[in-house]
Amino acid sequence: MTLLETSGLTRHFKVGTGLSRRLLHAVDEVDLTIGEREIVALVGESGSGKSTLARLIAQVYKPSAGEIRYQGRPLSALRGRRDRLAYRGDVPMVFQDPFSSLNPAYRVSHGILRSLTLHRPELSRAQRDTEAERVVEAVGLTPAADVLDRYPYELSGGQRQRIGFAQALAHRPKLILADEPVSMLDVSIRIGLLNVMAELRENEGVSFLYITHDIASARYLSDRIVVMYGGHVVETGPTEELLARPRHPYTELLLSAVPDPRAPLDVDAATAKADPPVVIDPVPSCRFRARCPLAEDICHRVTPRLQPVGPEHTAACHVTAPGTAT
């Protein structure tokens with residue numbers, strides 16, 4: 001069953017002033033679905049629009065166009081503080097930097113208890129204390145009472161990120177937006193955080209939008225992969241199907257950077273010498289055309305759209321997925 005879906009979701013930012021004002025197309029016409037108890041990996045290099053898309057879903061930004069529907073209800077129909085608070089409790093966000101997301105002046109318990117007070121006011125003080133210990137144990141930190149009594153600086157990076165997940169879990173969420181939650185952690189402890197996410201799906205029934213530039217972790221964790229480039233979704237599909245038979249040249253580029261997808265991947269390093277996509281006042285075209293070895297004349301004139309290329313597999317490419325022009 002579909003938990004959240006976006007249709008034509010778009011976010012443009014104004015850059016410059018006066019006569020030099022232009023539009024930066026951070027996210028353009030994104031259609032995305034996330035099902036109940038599903039982990040969807042949103043993959044792409046820095047600047048592809050992944051984090052902007054997550055912030056649109058989290059209601060940090062308002063869409064320039066398009067719609068987000070949660071459990072069938074458009075977010076534009078939410079009225080009043082109570083409705084917005086309920087949605088943000090159901091769809092919290094875990095950020096990339098585990099230290100900046102915690103207040104260093106307060107003990108770990110402060111943020112979790114505050115979340116419980118705000119989003120679950122029916123709980124008594126004793127129940128909040130019990131629930132705080134439960135969510136800390138659910139992310140693999142024990143003894144919970146000792147962890148809750150510490151300050152953020154007394155925890156390792158991996159422990160702080162687990163606390164970020166515990167704070168989100170305190171809301172009783174349906175969907176957690178995880179924005180590169182392991183990218184700032186040592187490789188040796190990343191697998192532990194990925195396992196925490198998998199266990200929260202199994203034990204708590206939580207869905208995830210897992211944002212990453214790491215194909216290896218996306219393969220390890222996700223049910224489906226969505227590939228973004230230059231603000232556009234360029235390919236989607238079940239994880240193993242997409243990795244075994246990529247149909248967009250950009251996806252192939254990501255995979256070619258790591259011959260073994262189980263090995264760590266740094267997409268930014270692999271593509272650092274390439275020209276970035278033009279996302280300020282872009283003209284109709286494929287935004288990957290300047291880097292694509294298969295580019296044809298139509299790629300410079302017409303924007304390709306996602307089309308089926310297999311069961312539950314779509315791609316936006318004039319060459320490998322013909323018939324995508326609009």
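Predicted model: local features only at pLDDT ≥ 70, side-chain atom pairs only at ≥ 80, totals over all residues.

**Exercise 1. The antiparallel sheet**

Which residue in E4 does Leu 4 stand opposite?

Solution. Begin with the pair itself: Leu 4 stands opposite Tyr 70, which belongs to E4. Next, take the two strands concerned, E1 (residues 2–15) and E4 (residues 65–70), which are paired in the antiparallel sense over five bridges. Then widen the view to the open sheet, in which four strands follow the order E2-E1-E4-E5 with antiparallel pairing. The edges are taken by E2 and strand E5 (73–74), each of which has a single partner strand, so one side of each is left without a neighbour in the sheet.

**Exercise 2. The mixed sheet and a packed helix**

In what order do the eight strands of the open sheet with mixed pairing run, and which helix packs on the sheet, touching E3, E9 and E10?

Solution. Reading across the sheet, the eight strands come in the order E6-E7-E8-E3-E9-E10-E12-E11, and their pairing is mixed. Strand E6 (93–94) and E11 are the edge strands, each pairing on one side only. Helix H10 (residues 249–256) packs on this sheet, where it touches E3, strand E9 (224–229) and E10, and the direction of H10 makes about 105° with that of E9. Within the sheet, strand E10 (residues 232–238) pairs with E12 in the antiparallel sense over two bridges, and Thr 236 stands opposite Thr 314 in E12.

Continue to Thr 239, which is found in helix H9 (residues 239–244). The C-alpha atoms of Thr 239 and His 313 are separated by 9.7 Å, although the two residues are 74 residues apart along the chain. Thr 239 is buried, its relative accessible area being 4%, and, when residues up to four places away in sequence are not counted, its contacts include Ala 218, Ser 222 and Ile 225.

**Exercise 3. Charged side chains**

How many salt bridges does a search of the whole structure find, and which parts of the chain does the pair of Glu 38 and Arg 224 tie together?

Solution. The search finds 20 salt bridges. In one of them, the side chains of Glu 38 and Arg 224 meet at 2.7 Å, N to O. Glu 38 lies in the loop between E2 and E3, whereas Arg 224 lies in strand E9, so the pair ties together parts that are 186 residues apart in sequence. Glu 38 is buried at a relative accessible area of 14%, and Arg 224 is buried at 15%.

Now turn to Arg 291, which forms a salt bridge with Glu 45 whose closest N and O atoms are 3.0 Å apart. Since Arg 291 lies in the loop between helix H11 (267–270) and E11, and Glu 45 in the loop between E3 and helix H1 (50–57), this pair ties together parts that are 246 residues apart in sequence. Arg 291 is buried, with a relative accessible area of 17%, and Glu 45 counts as buried at 8%. Salt bridges that share partners also join Arg 120, Glu 131, Arg 134 and Glu 204 into one network.

As a contrasting case, take Arg 128 in helix H4 (residues 125–138). Arg 128 is buried yet has no salt bridge, the nearest side chain of opposite charge being that of Asp 129, 6.2 Å away; the cut-off to apply here is 4 Å. Leaving aside neighbours within four places in sequence, Arg 128 is in contact with Leu 113, Leu 116, Thr 117 and Leu 123.

**Exercise 4. Backbone geometry**

Which two residues does a cis peptide bond join, and where are Arg 37 and Glu 312 found?

Solution. Start from the expectation that most residues other than glycine have a negative phi, and that most peptide bonds are trans. Thr 142 and Pro 143 are joined by a cis peptide bond with omega of about -10°, and Pro 143 is found in the loop between H4 and helix H5 (144–148). Arg 37, although not a glycine, has a positive phi of about 55°; it is found in the loop between strand E2 (22–35) and strand E3 (39–43), and is partly exposed, with a relative accessible area of 42%. Glu 312, likewise not a glycine, has a positive phi of about 60°; it is found in the loop between strand E11 (307–310) and strand E12 (313–315), and counts as exposed at 65% relative accessibility.

Methods:
Residues numbered from 1 in each chain as written. Heavy atoms only, no water. Buried < 20%, exposed > 50% of the residue type's maximum accessible area, 1.4 Å probe, protein only. Lys, Arg positive; Asp, Glu negative; His and termini not counted. Contact = heavy atoms within 4.5 Å. Pairing = 2+ DSSP bridges. Axes fitted to C-alpha atoms, helices over the stretch in contact; angles between N-to-C directions.
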